[in-house]
Amino acid sequence: AWAASADGAISSSMSFGGAVAVNRVQNTASIALNNATLKNTSSARLHAKDDSALWTLAGNVTVGAGDKGAGVSGAVAYSISGREDSPGTAVSVNGITVTNETAAGEADISTDIDVKAEATDHVSTLVVSAGISTGTVGFAGAAGVNDIKRKVSATVDNLVGRDLRDVSIEAFEDADIDNLSLTAAYGTTAGVGLGIAVNRIDNETRAALTADQKSTAEEAPQFEANSLSVKAHTDNDIDTIGIGGAGGQTGAGAGSVAINLITSDTRAELTNITGNVDAYGIVNAQSDDTIGAYTGNASGSTSYAAALSVTVNEKKGTTSATVTNSDLTHTGNSTETGTVNKGVADSAINDGIVGDIDVGASLVGDRSEQRVSGLSIGATSTETYKTFVINGSGSVTGAGAGTVSVTYHGGDTTTTVSGSNLSAKGDVDI
């Protein structure tokens, strides 16, 4: 979706101009399957996918050309992908029984169950504002506000089957915000430029295999399969670039404020399950978050000049892999292997990022892949924060430049196994 707003104004006295652009999409894609029986079916594939891309432009140029005129310019861009009360992207399977029967001499049938919910949100915003006055004061202000709100879930409840091959339940969310703000102000008397960027990502990603009630020890397992994979993965990325300049004979000031917030919950769950797998069983939650803020301001005046940048980055949320009241057994009857992405080595954190101002740099690229032959229950998360600020001011009488940078890192990454029995011919990795 595209949204653009542009304006310009020129006056011999006072000149005011503004541009506002609003861009919004809701994002809903869902599949539901209830109380189904699959008989002699080689595969069942249920995929929900939703890709959203928003581009928003707001620009304004204002010129006050008179001896006593002022030029005041403002531009605002607001983009939002998703809504908090939206069901988002979801695949829900509740009550599915798999039975395969073949006649004598016919090949046995095994069934693949593939359940996947996938969403991609990309928001790009450009805000440009210029205020010029040949008489008195020039003011330019630019503000970009971007929101992504998304829920992604892939859930299977009450799966029963003895002839299952590969059971895969996966939820994936990719959220990306790019924000560029440019401001310029000049006044014969004074010039003031201010840029504001607020970027927020709030998402929930969940993959789960559950049952209303766990089968007892005397009963047969709820399912027998070649492999089981329950994975939830979230990838969040915010990049903000703000450049501002101001000039005036008496005074000049340039400032920028960047606020980047990520709240993300990523969960992979196995609850009330009794099952056997021949090759491998995986319950894995992975989250990767990257925040980059790059700002620069310059001001110049024959009297007084000042430049100030403020940057606030915050990440919070939970990444969890949970096995509750479940019995999962790896028989080792198959030599096939699965894969999971492991965490990042200390050397990558200490050496690969420090001093690196590459806009595209992120710890996600330093993850290692591990083969799984047995059972693997795990949660991993990476967080990359990049802040780069340049301020400059020049004046005959007095000049000052300052920066304020705050980074808050919160949240939990947990792996929990409770009231459960895990056994394997291969490794049990928790």
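Colleague: Which residues are linked with D50 in a network of salt bridges?

Modeller: A salt bridge is a side-chain nitrogen of Lys or Arg within 4 Å of a carboxyl oxygen of Asp or Glu. The network that includes D50 links this residue with D121 and R150.

Colleague: What pLDDT do side-chain atom pairs need in order to count?

Modeller: Residues are numbered from 1 along each chain as its sequence is written, and side-chain values use heavy atoms, with hydrogens and water left out. This is a predicted model: totals for chains, interfaces and linings use all residues, local features need pLDDT of at least 70, and side-chain atom pairs count only at pLDDT 80 or more.

Colleague: How many salt bridges does a search of the whole structure find?

Modeller: One example is the pair D166 and R165, whose side chains meet at 3.6 Å, N to O. Another joins R267 to E269, with the closest N and O atoms 3.5 Å apart. For the whole structure, the search gives a total of 14.

Colleague: Is E269 buried or exposed?

Modeller: Buried means under 20% relative accessible area and exposed over 50%, with partly exposed in between (1.4 Å probe, protein chains only). R267, the partner of E269 in a salt bridge, has a relative accessible area of 33% and is partly exposed. E269 has 14%, so this residue counts as buried.

Colleague: How far apart in sequence are the parts that K315 and E383 tie together?

Modeller: The side chains of K315 and E383 form a salt bridge of 3.2 Å, N to O. K315 is buried at 3% relative accessibility, and E383 is buried at 17%. K315 belongs to strand β14 (residues 304-324) and E383 to strand β18 (residues 374-395), so the parts tied together are separated in sequence by 68 residues.

Colleague: In which strand does T319 lie?

Modeller: T319 is buried, with a relative accessible area of 3%. A contact means heavy atoms within 4.5 Å, and on that basis T319 touches T266, A285, S381 and D412, among others, not counting residues up to four places away in sequence. The strand that holds T319 is β14.

Colleague: Which strand gives the most to the lining of the largest cavity?

Modeller: On a 1 Å grid over the protein atoms alone, a cavity is a set of points where a 1.4 Å probe fits but cannot get out, and lining residues have an atom within 4 Å of a point. The structure holds two cavities of 30 Å³ or more. The largest has 15 lining residues, and S181, G195, I196, G242 and S256 lie nearest its centre. Five lining residues, the most from any element, come from β11.

Colleague: How much space lies in the largest cavity?

Modeller: Grid points are joined across faces, edges and corners, and a volume is the space filled by probe spheres set on the points. For the largest cavity this space is about 90 Å³.

Colleague: What is the phi of N272 near?

Modeller: Most residues other than glycine have a negative phi, and most peptide bonds are trans. N272 sits in the loop between β12 (251-271) and β13, and is buried at 15% relative accessible area. Its phi is positive, near 60 degrees.

Conventions. Helix = DSSP H or I, 4+ residues; strand = E, 2+ residues; numbered from the N terminus. 1 Å grid on protein atoms, 1.4 Å probe; cavity = no way out; pocket = protein on both sides within 12 Å on 5 of 7 lines; lining within 4 Å.
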